[in-house]
Amino acid sequence: MNLHTYSLYLLVMAGVTYLLRAVPFVLLKKEIQSPFWKSFLTYIPYTVLSSMTVPYIFYATESTLSAVIALATAVVFSLLGRGLVLVAVAACVAVLLVDGLIF
Amino acid sequence: MRFSVGLKDGLPIGLGYFAVSFSFGIAGAKFLSWPLVTFISMTNLTSAGQFAGLQIMANASGTLIEMAIASFFINLRYSLMAISLSQNVAPSFTTAKRLLLSTGITDEIYALAMAQKEKVTARYFLGLMVLPYLGWSCGTLCGSICGEVLPSVVTNALGVALYGMFIAIVVPQMKVSRPVFVACLIAIVLSFCFKFLPVLNSVSVGFAIIICAVVASLVCALIFPVKAEEGSR
């Protein structure tokens, strides 16, 4: 990717992200009242993260097996109430063990 | 509400961000040089948004419009947080300061700022965002440099950290909230459809994620409108 293309992408990504934070922070003093849009905004982060993780995680490692085990490990650790960092580390270790030792 | 107090409160977030952005650096180093990957983190400070943005860049098929729409929907929650944070800041938090510090509105920093009993001052908020910002940028820097030298077995394993963090955010909510559970299930099923069904699999990854998330959230907003209190986060 050349520098020109990169700069355009970066400008769009950083610009949109900044404006989304800055504009409401500066302008809006009232809370959104509509239950429908409030709900929509509540669900958005979770649906985004879900659709970004599955099925793409299955292609992120050397073997599908290690990815499945990483997913399962992360889900179990999350259900046990472990924090972000520990869940992330557990998933990494699972992949390393499966891909590094078995294959 | 002093700067130093904010700095201390931000330390655990900074450490966590370092670990997660390390894996973003690795992902980015697959097709960008390390200064370019690091600069993305320095200018965006958003995990899911950057990750989706990177996928759009990587496919090279993604257009700028797609980048704008993806960034918009994935980061739309920050607008909600900015609105709610704006009612909880001190009067001394002027417009100029808001323009400068609004980059610090992330899931974790927002959550900590809202947990304060007093009104949030600009000094405290600046202190709060310093270490997470440094952690996020330095983690990406280290990850992108290591990504160029480490073998793929190791980088792939570390790359899973980002997915691990996504799972750590989503699963506990799915456990306690049935609407979130249903919303995520719909999103995942749709995501599979866009990956494997003919016609649908020709839609680029960026748009596929937007469509999955927006459709699932709209459906669930219709079926399960949140009560007034729950919607604040």
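**Chain contacts and domains**

Mentor: Start with the chains: 82 residues of chain B are in contact with 62 residues of chain A. Contact means C-beta atoms, placed from the backbone, within 7 Å. This is a predicted model, where local features need pLDDT of at least 70, side-chain atom pairs count only at pLDDT 80 or more, and totals for chains, interfaces and linings use all residues. Residues are numbered from 1 along each chain as its sequence is written, with chains lettered from A and ligands numbered from 1 in the order in which they are written.

Trainee: Which element gives the most to the side of chain B that touches chain A?
Mentor: H8(B), with 19 residues. Helices here are DSSP runs (H or I, at least four residues), numbered from the N terminus.

Trainee: How is chain B divided?
Mentor: Into domain 1 (3-170) and domain 2 (177-233). The bounds come from an automatic or database domain assignment. Their centres, over C-alpha atoms, are 23 Å apart.

Trainee: How many residues does the contact take from each domain?
Mentor: Twelve from domain 1 of chain B and ten from domain 2 of chain B. On the domain 1 side, H4(B) gives the most, five residues.

Trainee: New topic. Which residues of H6(B) are buried?
Mentor: Ile109(B), Tyr110(B) and Ala113(B). Buried means 20 or more other C-beta atoms within 10 Å of the residue's own, all placed from the backbone.

Trainee: Why are they on the same side of H6(B)?
Mentor: Because they cover an arc of only 100° around the axis, taken from the directions from the helix axis to the C-beta atoms.

Trainee: What covers them?
Mentor: Helices H1, H4 and H7 of chain B are among what covers them.

Key
Buried ≥ 20, exposed ≤ 12 C-beta atoms within 10 Å, placed from the backbone. Helix = DSSP H or I, 4+ residues; strand = E, 2+ residues; numbered from the N terminus. Contact = placed C-beta atoms within 7 Å.
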